[in-house]
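Here is a short tour for anyone meeting this structure for the first time. Have a look at the sequence and the fold, then read on.

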Amino acid sequence: MEREVTSLETLIQHRVDGILFNGMGIYDPRFARVAEAGIPLVYVGRRMAQLPCDNVTLDNQAGAYQAVSHLIATGARHIGFIFGFHESVSATEDRFAGYQEALREHGIPYDDRLIVRMESARDDGGREAAARLLEQAPELDSIFASNDLMALGCLEQLRQSGVRVPDEISVMGCDGILYGRLMTPSLSTMVSPLREMAKRSVELLVQRIEKPPTVEKEVVFQPAMFLGGSTRPV
């Protein structure tokens, strides 16, 4: 949070024409300095209702719901959910909500043993999270990771543990990083349309600079599922 505040203050001091802000998703009252300086702002990746700005967001809850529902359709009933402390807070919360929603709608009981939160949101966190799940939930049949790096760490840990993916345990990620498609097996994931989101964000910011609108806009993008070899077929 302090780095976000410092970065914004630096941009204000440089008198930039506009700011694209992709942050953790937690509001800090010091962010108001941007509005006080009269600098147009577009918040990217999630909604920041406390700021007078446009928001370009991703429907993370719907994406997670779709991912977990797909795992359930393949026969999964004991689905682990892993996430990292340093991920975007609001995105993680939304993906967790989508995970829970899918379980409820398909009549699958929620199990605390299947939820693992790690300090690291990268592949090392994924490896440790997978190891914990294997130890505390022997019936585990699939893992939904809140980002692709953690999912790739899961794949590595499962391989080292002698677990066959996807025959014994399926793995689904979130984000759609290219590296996931180069793995063996390739990573199934919910792909974020980052290029389209970036383009729309710049368009909104230019509009705010040239002719400031009176009403804030929110543009919501939908993730798309990519099915690789890390999940079983339906």
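Val206 sits in helix 7 (residues 194-210). With 37% relative accessibility, Val206 counts as partly exposed, the class between buried (under 20%) and exposed (over 50%).

## Where the numbers come from

This is a predicted model, in which local features need pLDDT of at least 70 and side-chain atom pairs count only at pLDDT 80 or more, while totals for chains, interfaces and linings use all residues. Residues are numbered from 1 along each chain as its sequence is written, and side-chain values use heavy atoms, leaving out hydrogens and water.

Four strands form an open sheet in the order 1-2-3-9, with parallel pairing. Strand 1 (19-21) and strand 9 (218-221) are at the edges with a single partner strand each, so one side of each has no neighbour in the sheet. From one strand to the next, the twist averages 15°; axes are lines fitted to C-alpha atoms, and angles run from 0 to 180 degrees between N-to-C directions.

Strands are DSSP runs (E, at least two residues), as are helices (H or I, at least four), numbered from the N terminus. Pairing takes at least two DSSP bridges. Strand 2 (residues 41-45) and strand 3 (residues 54-58) run parallel and are joined by four bridges, with Val44 opposite Val56 in strand 3.

## Asn55, tucked into strand 3

Asn55 belongs to strand 3 and is buried, at 5% relative accessible area. A polar atom of the Asn55 side chain lies 2.7 Å from the backbone nitrogen of Met48, and one lies 3.4 Å from the backbone oxygen of Cys53.

## Strand 6, covered on both faces

Strand 6 (residues 142-145) has Ser142 and Phe144 on one side and Ile143 and Ala145 on the other, all buried. Strand 6 pairs in the parallel sense with strand 4 (residues 79-84) over four bridges, and Ser142 is the bridge partner of Ile79. Three bridges join strand 6 to strand 7 (residues 170-175), also parallel, where Met172 partners Phe144.

Notes. Buried < 20%, exposed > 50% of the residue type's maximum accessible area, 1.4 Å probe, protein only. Polar contact = N/O pair within 3.5 Å; in protein donor to acceptor, adjacent residues only side chain to side chain.
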